[in-house]
Amino acid sequence: MSKSMENTARKRQSETREAAIGVSARAYLSRGSGPTLANITVDLGGEYAIKGLRVVQGKDGPFVAMPQRMVKGEYQDVVFPVTKEARERLMNTVLDAYEQALEQTAKQSEEQSSARGMNMAQTM
């Protein structure tokens with residue numbers, strides 16, 4: 001098999017594997033003040049977990065910050081998507097998880113308020 005045929009076969013195999021990997025995320029809303037809105041854990045195909053992603057409030061709205069470490073005085077991403085498509089899929093999954101966490105928190109607050117109102121009505 002020629003080198004170009006091997007590279008093509010390897011590329012197809014890689015693309016097939018990427019399509020088969022499911023990406024899911026869990027958001028933990030931040031309670032403190034500051035730009036971090038949520039801490040995120042990402043699950044890749046049920047085989048790998050990545051901790052340390054954050055949803056951060058930027059001047060143009062929330063964005064996803066990847067886990068980083070300091071190297072020679074500057075921060076470098078430790079984990080990052082290699083392709084544009086993988087980056088978009090990861091960012092969409094993370095931001096969706098963040099929005100779901102916000103909705104769930106709002107729903108819980110609403111239920112607690114409703115329960116408090118019922119308790120106050122019963123005591124009167």
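**Exercise 1. Describe the second largest pocket: its volume, its lining and the elements behind it**.

Step 1. The second largest pocket has a volume of about 240 Å³. A pocket is an open set of points on a 1 Å grid over the protein atoms alone, where a 1.4 Å probe fits, with protein on both sides within 12 Å along at least five of seven lines. The volume is the space filled by probe spheres set on the points, and points are joined across faces, edges and corners.

Step 2. Lining residues have an atom within 4 Å of a point. Here they are Arg26, Ala27, Tyr28, Leu29, Arg31, Ala101, Gln104, Thr105 and Gln108.

Step 3. Strand S1 (23–29) and helix H2 (84–123) each give two or more residues to this lining. Helices (H or I, at least four residues) and strands (E, at least two) are DSSP runs, numbered from the N terminus.

Step 4. Sort the lining by type: four nonpolar, three polar and two charged residues. Ala, Val, Leu, Ile, Met, Phe, Trp, Tyr, Cys and Pro count as nonpolar; Asp, Glu, Lys and Arg as charged; the others, Gly among them, as polar.

**Exercise 2. State how the model was made and how confident it is**.

Step 1. This is a predicted model; local features need pLDDT of at least 70, side-chain atom pairs count only at pLDDT 80 or more, and totals for chains, interfaces and linings use all residues. Residues are numbered from 1 along each chain as its sequence is written, and side-chain values use heavy atoms, with hydrogens and water left out.

Step 2. The mean pLDDT (the predictor's confidence in each residue, from 0 to 100) is 83, and 77% of residues reach 70 or more.

Step 3. Over residues 14–18 the pLDDT is below 50.

**Exercise 3. Give the order of the elements**.

Count two helices and six strands. From the N terminus they run α-β-β-β-β-β-β-α.

**Exercise 4. Are Ile40 and Thr93 buried or exposed?**

Step 1. Buried means under 20% relative accessible area, exposed over 50%, partly exposed in between (1.4 Å probe, protein chains only).

Step 2. Ile40 lies in strand S2 (residues 36–44). Its relative accessible area is 1%, so Ile40 is buried.

Step 3. Thr93 sits in helix H2. At 18% relative accessibility, Thr93 also counts as buried.

Step 4. Set aside residues up to four places away in sequence. Thr93 then touches Val23, Ser24 and Ala25; contact means heavy atoms within 4.5 Å. Ile40 touches residues including Ala25 and Val94.
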